[in-house]
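Here is a short briefing on aromatic rings and their contacts. Look through the structure first, then read the points below.

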Amino acid sequence: MLRATATAFAALLAVAPCGVQAGPRGQRPGAGARSLGAAFDALAAGDFRRAEVAARRAARTSRYNRDYATFAAAQAAYLRGDAAAALRRFHALARDRSSRFAAIAAWRHADCLWRLGRTAEARREYERLLRRERRRKRPTADLAVARFRVAEALARAGDRRRAIDGFAAVLRLHPQHPIADRADARLRELAGARPLASDERIARARALAEAHLWRRAVHELDQIGDDVPEDVRYRRDLELGRTLFQMRRQYELAGRLLLAVAPHAGDDSDWAWFHGARALSRAHRDREAIAEYERFVAARPRSRWAAEAAYLAGWLRFNLGDYREAIEPLRRMQRAYPRSRWAEQALWFEAFARYLSGDWQGALPLFERLGRRDGRLDGGAGRYWHARTLQRLGRADDALAEYRALVGQWPFSWYALLARARVREAGGDIGPFGDSPRSPDDAPPLADPVPAEVARDPRVRRADELIAAGLGPEAAYELRRVERALIRGYGSERALAALFDRYRAAGDYNRPWMLAVVRGRRALDAPPAGPARRWWEAAYPRAYAELVDRYAPEAGLPPAYLFAIMRKESGFNPHIVSYADAIGLLQMIPPTTRRVARTLGIDYTDDLLFDPESNVRLGAWYIGRLFAMFKRQVPIAAAAYNGGPGAVKRWLRAHGDRPIDEYVELVSYSQARGYGKKVTETYARYLYLYEGQVYDQPLAVDADYLRDGPDY
């Protein structure tokens with residue numbers, strides 16, 4: 001079962017048993033850790049009296065986490081109905097600004113006042129906290145409940161007008177919240193059968209869309225008929241077009257709505273026009289989209305969307321296969337908007353359009369410019385395609401020299417893998433690190449073992465105690481809070497050794513990966529031996545290995561491939577949710593997962609995907625079917641997981657007769673294109689690190705695919 005974080009405890013969500021365990025390097029848990037673990041175990045089990053007793057004991061015996069003990073005791077008292085005892089503890093905790101619980105404790109203090117019937121005090125506290133919340137990017141409490149209670153307190157105090165406004169605000173700002181029904185009932189009691197005004201429905205629809213409750217948002221807008229003033233109809237249609245666009249459904253209708261309303265959309269006019277054209281393109285109405293983009297640029301050349309529109313007008317021609325016709329609009333865009341980030345994209349597609357249309361002399365200097373960019377994918381693309389163009393022009397020796405240099409500069413990158421394949425094709429050979437591999441001894445040093453001075457630091461001991469209490473995610477959270485201070489105080493060599501050790505003990509694979517990529521880049525381009533190997537293992541961990549080793553073979557997957565997908569999708573964070581509602585380690589989306597679960601005979605609920613084992617089991621089955629469907633071709637199968645099997649089938653039909661380097665560049669979804677490249681590099685690195693295998697990227701594409709694979 002998924003272990004919840006302390007923030008989840010504060011939000012009164014379900015928690016799972018944590019269990020006391022050994023700390024880093026086998027440290028035995030002390031009395032404080034044992035009591036703390038027992039307190040949170042009891043909270044998870046719903047035994048609040050036992051939890052309070054254990055938490056009070058932890059407050060006496062814990063040397064480093066008394067705030068956790070205080071929080072557990074306060075929470076247990078509140079949940080068993082002793083709001084007075086909870087009030088005192090939450091009040092004390094709210095004043096401890098060094099604790100992670102200070103902010104949530106202030107809210108829980110207000111909750112206690114409410115439960116004790118001190119509604120006027122609770123209202124003032126909620127109002128103060130709501131004002132403070134405006135400065136935060138993410139809410140720290142349930143704002144809908146707080147707003148409801150403020151309105152209820154006003155109603156009880158006889159302030160009918162402000163209470164009505166408060167309940168209406170709950171309906172407007174939190175239409176997705178269960179308490180919205182109670183707010184609606186109270187509003188009717190105070191104001192009678194008051195229908196929502198059109199402005200309120202539009203605001204509710206926007207709030208629903210922001211919560212990804214698209215269908216409810218559309219339903220809300222459908223309640224606004226045509227018998228409303230013209231400006232209201234325009235705002236309704238703008239919001240409907242925006243919602244349909246964001247929900248990735250009915251793109252053509254979204255485009256027609258947005259384009260029709262754009263002249264009347266005021267400050268949103270440019271957004272509506274530009275996104276109306278984008279919606280037409282996503283509905284495969286590319287010629288119409290090109291015309292709209294060009295009209296938009298001509299009419300609004302200084303709009304924030306103009307540069308992107310000019311780029312897309314050229315790129316869509318490229319995507320339609322009109323490579324020669326695409327060149328001039330892409331050149332024109334670069335002249336008009338030379339400092340735009342889209343100018344670099346336009347330069348790339350101009351160069352590639354020239355290459356594909358046979359203008360190799362014209363493409364060569366453009367690829368040379370692109371090769372001067374930074375980055376394994378950006379600079380690598382320029383250098384690789386410069387070499388390919390040299391080959392086309394008959395300059396084979398120059399091309400081979402560039403391929404070999406590219407392998408050494410960015411080992412294992414997508415373009416290095418292609419360059420190695422081109423060297424092999426020419427009868428040569430080159431290792432994965434190039435002709436002159438970097439020395440592993442040049443990697444940034446990491447102390448081994450962890451220095452005693454760092455291990456004794458109270459901030460590290462705080463994490464150790466939480467780990468021993470079975471509160472791994474909480475330990476990782478506390479380490480993240482002091483990470484910079486530790487590095488600044490002890491230096492990278494000593495502090496990072498301790499951080500890698502403690503994060504691993506806490507079960508957090510995400511943060512070491514991020515630290516290794518940022519601080520150990522030099523090591524990751526050297527062979528994984530000596531000092532470099534620890535950086536490789538941090539950046540490419542066998543995270544949740546017992547699950548991958550179990551479910552990958554069952555699904556017909558190489559474990560290295562599933563690790564690569566997991567790393568790219570979630571960075572090994574089981575709690576992450578994407579904008580598109582993809583959840584957990586393998587970022588499975590609920591509609592797909594429901595179908596997989598039905599096939600496997602599993603009862604499905606969305607929270608299943610937060611559980612690592614369920615996520616890996618369900619994800620591995622689906623990923624394995626795609627892997628088999630596309631003949632185990634790594635960049636193609638990976639793109640299918642990101643962009644969908646239907647899109648990959650279209651690309652194979654259109655471009656499957658080309659070599660893999662051209663095929664991948666012609667994948668029309670930019671995200672899927674980059675995804676396939678990055679997953680292939682990561683897969684190659686996992687194979688090399690843990691299995692000692694050198695991955696050789698085939699140059700030919702097998703355009704056939706299995707017909708019995710998933711179509712979703």
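Tyr 311 counts as buried in this predicted model. Its relative accessibility is 5%, and the cut-off for buried is under 20%. Its ring partner is Phe 349.

**Tyr 311 and Phe 349**
- The two rings form a tilted aromatic pair, 6.3 Å centre to centre.
- Their planes stand at 45° to each other.
- Phe 349 is buried, at 0% relative accessible area.
- Tyr 311 belongs to helix α17 (residues 306-319), and Phe 349 to helix α19 (residues 341-356).
- The pair links distant parts of the chain, 38 residues apart.

**Aromatic pairs across the structure**
- How many aromatic pairs does a search of the whole structure find? The search finds 45.
- Phe 274 and Tyr 293 form one of these pairs, 5.8 Å centre to centre.
- The angle between the planes is 45°, so this pair counts as tilted: it falls between the limits of 30 and 60 degrees.
- Phe 274 sits in helix α15 (residues 269-282) and Tyr 293 in helix α16 (residues 286-299), so their contact ties together parts 19 residues apart in sequence.
- Phe 274 is buried, with 1% relative accessible area.
- Tyr 293 is buried too, with 2%.

**Charges over rings**
- Arg 685 places its charged end over the ring of Trp 536. The distance to the ring centre is 4.8 Å.
- Arg 707 lies over the face of Tyr 705. Here the distance to the ring centre is 4.2 Å.

How values were computed: Residues are numbered from 1 along each chain as its sequence is written. This is a predicted model: local features need pLDDT of at least 70, side-chain atom pairs count only at pLDDT 80 or more; totals for chains, interfaces and linings use all residues. Side-chain values use heavy atoms; hydrogens and water are left out. Rings of Phe, Tyr and Trp (its six-membered ring) pair if their centres lie within 6.5 Å; planes under 30 degrees apart count as stacked, over 60 as edge-to-face and the rest as tilted. Helices (H or I, at least four residues) and strands (E, at least two) are DSSP runs, numbered from the N terminus. Buried means under 20% relative accessible area, exposed over 50%, partly exposed in between (1.4 Å probe, protein chains only). A charge sits over a ring if NZ of Lys or CZ of Arg is within 6 Å of the ring centre and within 35 degrees of the ring normal.
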